[in-house]
Amino acid sequence: MAGGGHSAALAATSCPASWPTRSTRARGRRQDSRDLTAKWLAKYPQSAYVWNKAGFDAVNPQQTRHLLGLFERSHMRYEADRKHDTAGEPSLAEMTEKAIKLLQQNKSGFYLMVEAGRIDHAHHAGNAYRALTDTVALAEALANSP
């Protein structure tokens, strides 16, 4: 699983060093004090949890069975804005390609859902440029997948 939503996985009292700002706004938002990233890592052997592009790029699909990538506090950036992300986040095409390589290890087959939810957000905001840029990114992710 890869996308945004980092804050939903962490307790309201925690603020990971990976977030560029350590303000109250940057903290997790779980009220039950649970760190779901730690629970996920403990549950799945041969798993990896990443929060930036460098960590994502370092994941070896041949040695990793499960991947959790949470790259933004909330939603992923629009494709047009991704270059301004200081921590870096993989593109939709990169996440799709890595997911397929991981899932191909399952000899029984697999199902992969690729979503580009920011297309809808841009449409609702009346931002045709971002909607179309993200639509092109989705088309390229699917066309170039292995």
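Contact is taken here to mean heavy atoms within 4.5 Å. The structure is a predicted model, in which local features need pLDDT of at least 70 and side-chain atom pairs count only at pLDDT 80 or more, whereas totals for chains, interfaces and linings use all residues. Residues are numbered from 1 along each chain as its sequence is written, and side-chain values use heavy atoms, with hydrogens and water left out.

Thr96 is found in helix H4, where helices (H or I, at least four residues) and strands (E, at least two) are DSSP runs numbered from the N terminus. With a relative accessible area of 5%, Thr96 is buried, the classes being buried under 20% relative accessible area, exposed over 50% and partly exposed in between (1.4 Å probe, protein chains only). When its neighbours within four places in sequence are left aside, Thr96 is in contact with Leu112, Val114, Ala141 and Ser145.

An open sheet is formed by 3 strands in the order E1-E3-E2, with parallel pairing; two strands pair if DSSP finds at least two bridges between them. Strand E1 (2-3) and strand E2 (47-50) are the edge strands, each pairing on one side only. E2 and E3 run parallel and are joined by 4 bridges, and Ala48 stands opposite Leu67 in E3. Helix H2 (residues 36-43) packs on the sheet, where it touches E2 and E3, and its direction makes about 160° with that of E2; axes are lines fitted to C-alpha atoms, for helices over the stretch in contact, and angles run from 0 to 180 degrees between N-to-C directions.

Rings of Phe, Tyr and Trp (its six-membered ring) pair if their centres lie within 6.5 Å, and planes under 30 degrees apart count as stacked, over 60 as edge-to-face and the rest as tilted. By this rule the count comes to 3 aromatic pairs. One of them is the tilted pair of Trp40 and Tyr44, at 5.3 Å centre to centre with 50° between the planes. Trp40 counts as buried because its relative accessibility is 19%, while Tyr44, at 26%, is partly exposed. The pair of Phe56 and Phe71 is edge-to-face, because the ring planes lie at 80°, with the centres 5.9 Å apart. This pair links distant parts of the chain, 15 residues apart, with Phe56 in helix H3 (residues 53-58) and Phe71 in the loop between strand E3 (66-70) and helix H4 (92-103). Both Phe56 and Phe71 are buried.

A charge sits over a ring if NZ of Lys or CZ of Arg is within 6 Å of the ring centre and within 35 degrees of the ring normal. Lys98 lies over the face of Phe56 at 4.8 Å from the ring centre, and Arg118 lies over the face of Tyr78 at 3.9 Å from the ring centre.
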